[in-house]
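Please view the sequence and the model alongside the text.

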Amino acid sequence: MGVIYALKFGNSRLMLGFYQLFSVPHIKRLQEDKMKHDTALMILKFICNKVCKLETDHFEHCYEAFIMALKNNTTEVIQQIITTFPHSIWYKTVNGYILPQVSIMNRCENVYNFFVHEVTHNKCFHITRVDEDENNLLHLAGRLAPTHKLNMVSGAALQMQRELQWFEEVRKLMRPREREAMNKKEETPWMVFRKEHKDLRKEGEEWIKKTSDSYTITAALIITIVFAAAITVPGGNNGDTGKPIFGTKPSFLIFIFSDAISLFTSTTALLLFLSILTTRYEENDFLYKLPRRLILGLVMLFMSVTTMLISFSAALYIMIGKDNSWVLIIIATITCLPIASFVTLQLPLLVELICSTYGSGIFRKPSDLRITP
């Protein structure tokens, strides 16, 4: 009986925990969105099955839904329609483009992933297909993305990086001869990319130069401050030996080590930002070279700001906090303010850079699911 009571009591607490969890507004909204999504898929499947049983031409019933789902990057709808009507994968837009072409031009990463990793039959024909101007898929990837897709990424430099990621991803699909194929204008895919992204490259160059220039000034100021602090140590030096008077105190060791770290990291950050300012700013530089330097420079700058404030706090404690332990609490609290401000203002940019450069990205790996149209 005790075991049964314990199980019932445990289940009650578990149910109560789930109820409290789903009572949270954000969790509740997510649950509602998930239910709407599942319901919509059920309705879609039901409609597809009903249309499949009709003796009329299926084209007029599912063409508009298929094209709309294609342009809106809705993979679930496309997958269900292709599963029910395998021939729908050959549907064309008004301009004569098919699924892979539209997904690349409109930068629909979900549809593109579906085509690459889940469609298996006739993929070679899709890849080698060209439009009326003899543009293959890589030519289309070289075109500038729609404005609303570009605006999903902040900053012209990161937008340029995203465009290069698309171009490189499509390039992996193509055979060597198709990567250098000419269209009717006698342009290779890379020539199309450079022409279409000329203005975006200039905007990215200006953005990253202004950003690096601001950080260069900050790093130079920190170098000046911490170098001066290392020479004029708190408490002064012994007149006979020349050594610091408080050289054996733990607080002095914290001061000198944090000051040295701040000097070295700020110098490294300064050199990294200077290397960004003096680069050639070619298209390929925006893919890895420039973002990596900017990421490392921001990390070094954050470390230098943090250790500089720790060094300054240690110096204050050495001078006025030796006999007043409560001063340490005040100093530590005040020190957190500029560090928290720097993190709040600059961390979003750093996180976005890291995710865009080293993250999993918008192109996923092959899945086990295969749709065979």
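The model is predicted, so local features need pLDDT of at least 70, side-chain atom pairs count only at pLDDT 80 or more, and totals for chains, interfaces and linings use all residues. Residues are numbered from 1 along each chain as its sequence is written, and side-chain values use heavy atoms, with hydrogens and water left out.

**Salt bridges**

A salt bridge is a side-chain nitrogen of Lys or Arg within 4 Å of a carboxyl oxygen of Asp or Glu. The count by this rule is 9 salt bridges.

| Pair | N to O distance |
|---|---|
| Glu169 and Lys172 | 3.7 Å |
| Arg175 and Glu178 | 2.6 Å |
| Glu205 and Lys209 | 3.1 Å |

Accessibility is given as relative accessible area: buried is under 20%, exposed over 50%, and partly exposed in between (1.4 Å probe, protein chains only). Glu169 is buried at 18%, whereas Lys172 is exposed at 61%. Glu178 is buried at 10%, and Arg175 is partly exposed at 37%. Glu205 is buried at 18%, with Lys209 partly exposed at 32%. A network of salt bridges links Arg201, Glu205 and Lys209.

**Thr211**

Thr211 lies in helix H13 (residues 198-231); helices are DSSP runs of H or I with at least four residues, numbered from the N terminus. Thr211 is buried at 14% relative accessible area. Its side chain reaches the backbone oxygen of Trp207 at 2.8 Å.

Notes
Helices (H or I, at least four residues) and strands (E, at least two) are DSSP runs, numbered from the N terminus. A polar contact is a pair of N or O atoms within 3.5 Å; within protein, one must be able to donate a hydrogen and the other to accept it, and residues adjacent in sequence count only if both atoms are side-chain atoms.
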